[in-house]
Amino acid sequence: MKVLLRSARLIHKSSSFHKKEIDLLIEDGKISKISAANSLSADGARLIDAQGKLLSLGWFDMQAHFSDPGEEHKEDLNTGAEAAIAGGFTEVALLPNTSPVVQSKSDIRYLSEAMDKPIRLHPIAAVTRDAKGEELTEMIDLYHAGAVAFSDGLHALWHTQVMLKALQYMQKMDSLLINRPEDQHLTQYGDMHEGIQSTMLGMKGIPVLSESLSIERDLHLLEYVSELSVGAPPRLHFSNISSKAGIEMIKAAKQKGLSVSCDVAAHQLIFTDEDLADFDTNLRVNPPLRTEEDRLALISGVLDGTVDAIVSSHQPQDEENKKCEFNLAAFGMTGLQTVLPIVASVFSEDELYDYVLEKLTVSPRILLGLEAHLEEGANANLCLFDLDSLWTLDSQSNRSKSKNSPFWQKELKAKVWGTFYHKRFRTDL
């Protein structure tokens, strides 16, 4: 099968066609030709008019929760994949916090099975049994079974000795250890960011110290293991950084030469704790929305390279867990379909083209050791979108089983039109 994308504006920094209009021909799941706009003949190919639209490498989400197996009433692999495709994602790394926790070869196989959709799901295996932070899983076996990375996902690796052993084990594998920086003893029973707003709203606060203390510990452990390493040092990734302090610490660690990286959730780039004034439970997330100063620091971190990836932090919840008092509501929001509208509203077009999209396409794949090519001969792995179309997130457009989004029933700007993954593709989303 042949598909010709006509007159799309290519956004891919390493390409000589970056920011230029092109024709792109896909044959048998591979990019066979990239040329100047209107220069290629359709010649029996399915023609897709991409005039006025942008074309990038398919987006990659390093952190999503599909609730399958165990809580399929919130999300399952099929609906989660549909939400991801509608958001422009062709590959998604899934958190291990399912029931059972992803900690066996059969769990890896279940999540890795090929789907008849233009998307691939990558399982992240738990570091500790049942993600309790106490006893290491069979990490090497899980790595060879296909785990793309290791993390306890929604739970922090709280046990210092276990964290140290996990870093040492990572030296035996070319893989990534992902930790959520959170001192659970400081966040216990917390509802939102600790500050003026939490005081005014009468809510128990979650201090920045919870994040910075955990980062500081892990960086010391990483440095300790790296100094004793006889080969390549272990690689440590911090997920869902939410504070200015966290950004500054990671930036300093990178300048020091440590093998460290981090991501931020898209919603942290647009919302702050002041948005909780009306007690919208869809904004109850952990780590919590912090101050405007923190938000601006996260944005600066994206632009200066401190932040390596932007994630959806997709965490579906049913109505029972959200239609209740704020302090009783479950943490999390859906996010796969709203990443594009968020980044399009926060960043300028030049920032999007030259910095931001790389955090959603190339950089996550490099961190996980996956293919990140958009060139002739490469597998077709593409996202087609524009920044001007208006749409509303509602029961008709929503692809997730859940609707715990602060954008529900709101008009959004910027839309995904199609995704292409090898021989499968979806257009007119």
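These questions and answers look at strands and helices in a predicted model.

Analyst: In this predicted model, local features need pLDDT of at least 70, side-chain atom pairs count only at pLDDT 80 or more, and totals for chains, interfaces and linings use all residues. Residues are numbered from 1 along each chain as its sequence is written, and side-chain values use heavy atoms, with hydrogens and water left out.

User: Why do strand 8 and strand 9 count as paired?

Analyst: Two strands pair if DSSP finds at least two bridges between them, and strand 8 (residues 120-125) and strand 9 (residues 149-151) pair in the parallel sense over 2 bridges. The bridge partner of I124 is A149 in strand 9.

User: What makes strand 6 and strand 15 edges of the sheet?

Analyst: The open sheet of 8 strands has the order 6-7-8-9-10-13-14-15, and strand 6 (59-64) and strand 15 (309-311) each have a single partner strand, so one side of each is left without a neighbour in the sheet.

User: Why are helix 4 and helix 7 called oblique to each other?

Analyst: The axes of helix 4 (residues 160-170) and helix 7 (residues 208-228) cross at roughly 40°. Angles under 35 degrees count as roughly parallel, over 145 as roughly antiparallel, 65 to 115 as roughly perpendicular and the rest as oblique; helix 4 and helix 7 are therefore oblique.

User: Which residues of helix 4 meet helix 7?

Analyst: With contact meaning heavy atoms within 4.5 Å, T160, M163, L164, L167 and Q168 in helix 4 meet residues in helix 7, including R217 and D218.

Definitions and conventions: Helix = DSSP H or I, 4+ residues; strand = E, 2+ residues; numbered from the N terminus. Axes fitted to C-alpha atoms, helices over the stretch in contact; angles between N-to-C directions.
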